Amino acid sequence: MSFSDRDGFIWMDGEEVPWREANIHILTHSLHYGVAAFEGMRAYETKKGTAIFRLKEHVDRLFKTAHILGMKIPFSPEEIENASVQSVKSNNLKSAYIRPLVFYGSEGMGLHANNLSVHVSIASWMWGTYLGEDALAKGITVKTSSFTRHLVNSVMCRAKATGGYINSVMALQEVAKDGYDEALLLDSEGMVAEGTGENIFIVKKGELFTPVLTSALEGITRETIIQLANKLELKVSEKKITRDEVYISDEAFFTGTAAEVTPIRELDGRQIGTGTIGKITSLLQNAYLEAVKGEKTFNEDWLTFVP
């Protein structure tokens with residue numbers, strides 16, 4: 001089913017618009033130059049009803065991205081939070097993927113980006129397992145991309161900006177042609193950065209390691225996993241990780257709102273550990289799914305319920 005041809009509603013600039021009428025002009029500035037801020041959130045069905053996971057943190061990052069890009073969002077964080085909740089409710093979704101987008105209008109063209117209006121849209125829809133039905137249970141195959149992750153001072157890596165994902169699209173297309181599920185990107189020094197839309201962790205001798213945040217996005221799922229690992233008394237360290245360290249790690253996994261906690265069973269044709277989901281990966285995956293589904297309370301502020 002085409003994303004443009006669906007029933008439901010999309011929130012646009014303070015109003016709910018019928019899905020098929022949620023359109024913009026072809027000369028919308030952000031469409032041409034890639035200057036837009038966005039977020040990806042998930043709502044899960046829990047025993048107490050549908051709840052959006054870490055809504056406040058996602059909206060906070062949306063505003064930080066807009067600030068980095070020099071955009072002023074014409075709504076308050078509370079208004080965006082409420083609109084996100086309403087988007088799930090209006091589309092009668094028990095579980096959902098939620099996509100807020102902040103973009104420039106069509107008042108002018110050119111790189112100056114002067115006197116442009118800032119618009120906000122929020123769409124919600126059902127989106128299953130991002131990396132495939134068996135990904136969470138069996139793990140995925142990954143290949144190191146020939147495309148380098150952004151230089152820290154070229155594309156602002158703390159910003160979740162639309163234009164920054166050109167790199168990700170090209171990397172994923174490259175490895176998918178060779179039959180791999182996902183790509184791993186290295187930074188300008190040849191160190192492990194992240195996946196195309198996920199952060200990465202490796203496990204060695206019972207200890208977790210994740211790359212320092214230079215060219216990688218400061219993932220909310222990444223930060224959640226670090227908190228969960230601490231509660232489970234697992235040691236977590238941030239450090240520079242080489243590609244061959246991943247090859248010889250005991251376990252490796254990706255984290256992200258869409259990917260959740262996805263095991264990596266193979267990188268560049270090398271089996272990781274036993275080639276199946278590892279003990280610690282499984283422990284953290286279960287803890288994460290318990291948290292997002294409200295089956296176990298790790299932090300009461302993580303869930304925002306949809307009335």
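Mentor: Let us begin with a term: a salt bridge is a side-chain nitrogen of Lys or Arg within 4 Å of a carboxyl oxygen of Asp or Glu. Please keep in mind that this is a predicted model, in which local features need pLDDT of at least 70 and side-chain atom pairs count only at pLDDT 80 or more, while totals for chains, interfaces and linings use all residues. Residues are numbered from 1 along each chain as its sequence is written, and side-chain values use heavy atoms, with hydrogens and water left out.

Trainee: What makes the contact of Arg-20 and Asp-5 a salt bridge?

Mentor: The N to O distance between their side chains is 2.7 Å, and the limit is 4 Å, so the pair qualifies. Arg-20 sits in the loop between E2 and H1, whereas Asp-5 belongs to the segment before strand E1 (9-12), 15 residues apart. Asp-5, Asp-7 and Arg-20 are linked in a network of salt bridges, and by this rule the count comes to 17 salt bridges.

Trainee: Why is Arg-20 called partly exposed?

Mentor: Buried means under 20% relative accessible area, exposed over 50%, and partly exposed in between, with a 1.4 Å probe and protein chains only. Arg-20 has 43% relative accessibility and therefore counts as partly exposed, and Asp-5, at 44%, also counts as partly exposed.

Trainee: Which parts does the salt bridge of Glu-194 and Arg-149 tie together?

Mentor: Their closest N and O atoms are 2.9 Å apart. Glu-194 lies in strand E10 (residues 192-195) and Arg-149 in the loop between strand E8 (140-144) and helix H5 (166-176), so the pair ties together parts that are 45 residues apart in sequence. Both Glu-194 and Arg-149 are buried.

Trainee: What is the volume of the largest pocket, and how many residues line the largest pocket?

Mentor: Its volume is about 1,300 Å³, a volume being the space filled by probe spheres set on grid points joined across faces, edges and corners. A pocket is an open set of points on a 1 Å grid over the protein atoms alone where a 1.4 Å probe fits, with protein on both sides within 12 Å along at least five of seven lines, and lining residues have an atom within 4 Å of a point. The largest pocket is lined by 48 residues, and the closest to its centre are Phe-38, Tyr-97, Arg-99, Leu-101 and Trp-125.

Conventions: Helices (H or I, at least four residues) and strands (E, at least two) are DSSP runs, numbered from the N terminus.
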